[in-house]
Amino acid sequence: MLLFCSCQNKDSTLFVLKPAKTTNIEFINRIVETDSFNILSEEYIFNGGGVAIADFDNDNRNDILFTGNQVPNKLYLNKKDFKFQDVSEISGIGAKEKWSTGAAVVDINLDGWLDVYICVAMASGDQQRRNMLFVNQGLDPDGIPTFKEMAKSYQIDDNRNSMNATFFDYDKDGLLDLYVLNNEQVHELPTNYRPMINDGSAISNDRLYRNRGDGTFEDVTISAGIVYEGFGLGIAVADLNYDGWPDLHISNDYLTNDVLYINNKDGTFTNGIESYLKHQSKFSMGSDISDYDNDGFLDILTLDMLGETNHRMKTNIGNNNYVEYTLNERYDYQYQYMRNMLQKGNDSGGNFN
């Protein structure tokens with residue numbers, strides 16, 4: 001009986017929900033619609049913001065940064081035992097006038113204090129849509145990290161409706177470079193077939209910034225071959241062909257295909273998605289790359305707008321009809337399907353099923 005009771009009372013869950021009243025984390029990314037600003041006028045209104053977990057005050061405990069859309073960003077310092085302190089206002093990272101989206105953490109000036117690059121979207125004005133770089137200034141007398149916005153001085157204040165960003169050393173010179181994932185600004189029908197833009201001139205073209213090593217970055221987007229348009233929603237970095245150089249998988253929404261930028265090891269990239277992958281998600285919301293089955297080869301997961309129930313899946317899925325097939329052929333788009341996709345890596349040559 002004692003053995004039976006002990007088994008029944010044992011907590012077998014891997015995670016335990018911690019309520020806001022004990023953690024002090026009360027962030028809500030509240031969206032307020034109006035008659036002129038709503039889901040019909042802005043289809044990405046409910047995409048949400050970003051989350052970054054990092055040790056911003058160098059106390060060996062990870063802190064939490066939430067980015068807000070219509071609300072300010074929030075920074076919570078980890079005070080141990082799952083209790084956090086809201087230092088958003090004192091830290092200067094709020095940016096309440098910006099519609100913040102993705103966040104990428106980096107020690108951009110190599111001073112031992114983590115900084116954060118925050119993407120900005122939605123606003124119609126160029127100034128209101130400029131991405132931000134909050135450089136950590138160290139601790140104030142109360143032990144709270146403070147930040148200074150310096151994106152312009154680093155020449156990375158991109159204003160092209162950014163969704164996310166990542167820092168990685170694409171040219172292996174020992175310096176972290178910056179890839180900025182962008183989405184559409186002009187509200188034309190994004191599912192209407194038209195010639196593909198692959199010369200870098202699209203308004204939603206992503207950007208690649210090379211780290212010069214002197215505190216500034218250089219826009220090398222076109223010369224590096226980052227030229228395929230897309231409605232970007234996800235970005236993942238990995239060495240997919242096992243040549244020792246980082247490649248990029250870009251998840252694009254709507255008509256535009258996903259992009260697989262293969263690193264040419266000479267400062268340029270080539271889109272190899274048609275030769276590497278046999279299928280693509282149509283409305284790619286995001287992606288991740290990892291070896292999920294522990295066979296030694298990387299796998300790619302993309303998420304589509306898959307309904308939660310069978311009824312919703314059947315009522316929302318688009319038809320794969322003959323007209324769509326011929327239009328893909330005519331305009332040179334790869335075939336896409338409204339499904340989540342798990343691309344299983346099979347060998348060191350970068351072949352996927």
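Analyst: What follows describes the pocket, then the cavity, and then the chain as a whole.

This is a predicted model, in which local features need pLDDT of at least 70 and side-chain atom pairs count only at pLDDT 80 or more, while totals for chains, interfaces and linings use all residues. Residues are numbered from 1 along each chain as its sequence is written, and side-chain values use heavy atoms, with hydrogens and water left out.

The largest pocket holds about 370 Å³ of space. On a 1 Å grid over the protein atoms alone, a pocket is an open set of points with protein on both sides within 12 Å along at least five of seven lines, a cavity is a set of points where a 1.4 Å probe fits but cannot get out, and lining residues have an atom within 4 Å of a point. Grid points are joined across faces, edges and corners, and a volume is the space filled by probe spheres set on the points. The lining of the largest pocket comprises 17 residues, and those nearest its centre are G49, G102, M163, N164 and L233. Two or more lining residues come from each of β5 (100-106), β9 (162-168) and β13 (231-238), strands being DSSP runs of E with at least two residues and helices runs of H or I with at least four, numbered from the N terminus. By class, nine of the lining residues are nonpolar, eight are polar and none is charged; here Ala, Val, Leu, Ile, Met, Phe, Trp, Tyr, Cys and Pro count as nonpolar, Asp, Glu, Lys and Arg as charged, and the others, Gly among them, as polar.

The structure also holds one cavity of 30 Å³ or more, and the largest cavity contains about 40 Å³ of space. Its lining consists of Y44, N47, G48, W99, T101, A121, M122 and M163, with five nonpolar, three polar and no charged residues. M163 therefore belongs to the lining of the largest pocket and also to that of the largest cavity.

Around these spaces, the protein chain has six helices and 19 strands. Its radius of gyration, taken over C-alpha atoms, is 22 Å, close to the 20 Å that the globule rule gives for 353 residues, so the chain is as compact as a globular protein of that length; the rule is 2.2 Å times the number of residues to the power 0.38. The C-alpha trace spans about 70 × 65 × 50 Å along its principal axes.
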